[in-house]
Amino acid sequence: CWVKGVYLELQAPEQIAYTMEMSDEQGNINLPQYQNADWPASTIVTIGLEELPGNKTRLTLRQSVSEAAAMRKGAYQGWLSGFDVMDQYLAGITGKK
């Protein structure tokens with residue numbers, strides 16, 4: 001799937017917030033296949049970053065939909081899958097697993 005959005009807040013290094021709209025490859029939004037009673041045309045995603053001891057970072061993600069709706073729509077699983085890919089990438093560039 002394709003998404004587009006607008007950055008709402010960049011607060012380095014702690015927080016990023018942006019809108020997120022489902023789109024096609026050309027950037028067209030509000031497509032019928034993505035319209036759903038419990039999923040708005042636009043959501044707000046907020047990512048928080050917190051430095052932890054031991055050269056680690058805690059990432060907190062919030063999206064402006066209920067967890068139940070995210071699970072039904074597949075967004076919850078999509079975020080988890082994306083984090084798995086990020087873990088693999090970071091392990092590759094740092095040599096840590």
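**Note on the structure**

1. Helix H2 (residues 75-94) contributes the largest share of the nonpolar patch, four residues. Helices are DSSP runs of H or I with at least four residues, strands are runs of E with at least two, and both are numbered from the N terminus. The patch covers about 520 Å² of surface and is made by Leu 49, Leu 59, Met 86, Tyr 89, Leu 90 and Ile 93. Patches are made of residues with over 30% relative accessible area and no salt bridge; like charges are joined within 9 Å, and nonpolar side chains (Val, Leu, Ile, Met, Phe, Trp, Tyr) within 5 Å. A salt bridge here is a side-chain nitrogen of Lys or Arg within 4 Å of a carboxyl oxygen of Asp or Glu.

2. The model is predicted: local features need pLDDT of at least 70 and side-chain atom pairs count only at pLDDT 80 or more, while totals for chains, interfaces and linings use all residues. Residues are numbered from 1 along each chain as its sequence is written, and side-chain values use heavy atoms, with hydrogens and water left out.

3. The protein chain has two helices and five strands, in the order β-β-β-β-β-α-α from the N terminus. Its C-alpha trace spans about 45 × 30 × 25 Å along the principal axes. The accessible surface is about 7300 Å², with 55% of it belonging to carbon and sulfur atoms; areas come from the Shrake-Rupley method with a 1.4 Å probe, and for residues only the protein chains shown count as cover. Of the 97 residues, 21% are buried (buried is under 20% relative accessible area, exposed over 50%, partly exposed in between; 1.4 Å probe, protein chains only).

4. Met 86, a member of the patch, is found in helix H2. Is Met 86 buried, partly exposed or exposed? Met 86 counts as partly exposed because its relative accessibility is 34%. Helix H2 has 20 residues and reaches 28 Å from first C-alpha to last, close to the expected 28 Å; the expected span is 1.5 Å times one less than the number of residues. Gly 95, with a positive phi near 80°, follows H2.

5. Strands S4 (residues 43-52) and S5 (residues 56-63) run antiparallel and are joined by eight bridges; two strands pair if DSSP finds at least two bridges between them. Glu 51 stands opposite Thr 57 in S5. Three residues lie between the strands of this hairpin, in which Gly 54 takes a positive phi near 80°.

6. Most residues other than glycine have a negative phi, and most peptide bonds are trans. Asn 55 is not a glycine, yet its phi is positive, about 60°. Asn 55 lies in the loop between S4 and S5 and is exposed, at 75% relative accessible area. A cis peptide bond, with omega about -5°, joins Ala 12 and Pro 13; Pro 13 is placed in the loop between strand S2 (7-11) and strand S3 (15-23).

7. Trp 39 is in the loop between S3 and S4. Why does Trp 39 count as buried? Trp 39 is buried because its relative accessible area is 9%. Leaving aside residues up to four places away in sequence, Trp 39 touches Gln 63, Val 65, Ala 69, Ala 70, Lys 73 and Ala 75; contact means heavy atoms within 4.5 Å. Trp 39 and Ala 69 are 30 residues apart along the chain, with their C-alpha atoms separated by 6.9 Å.
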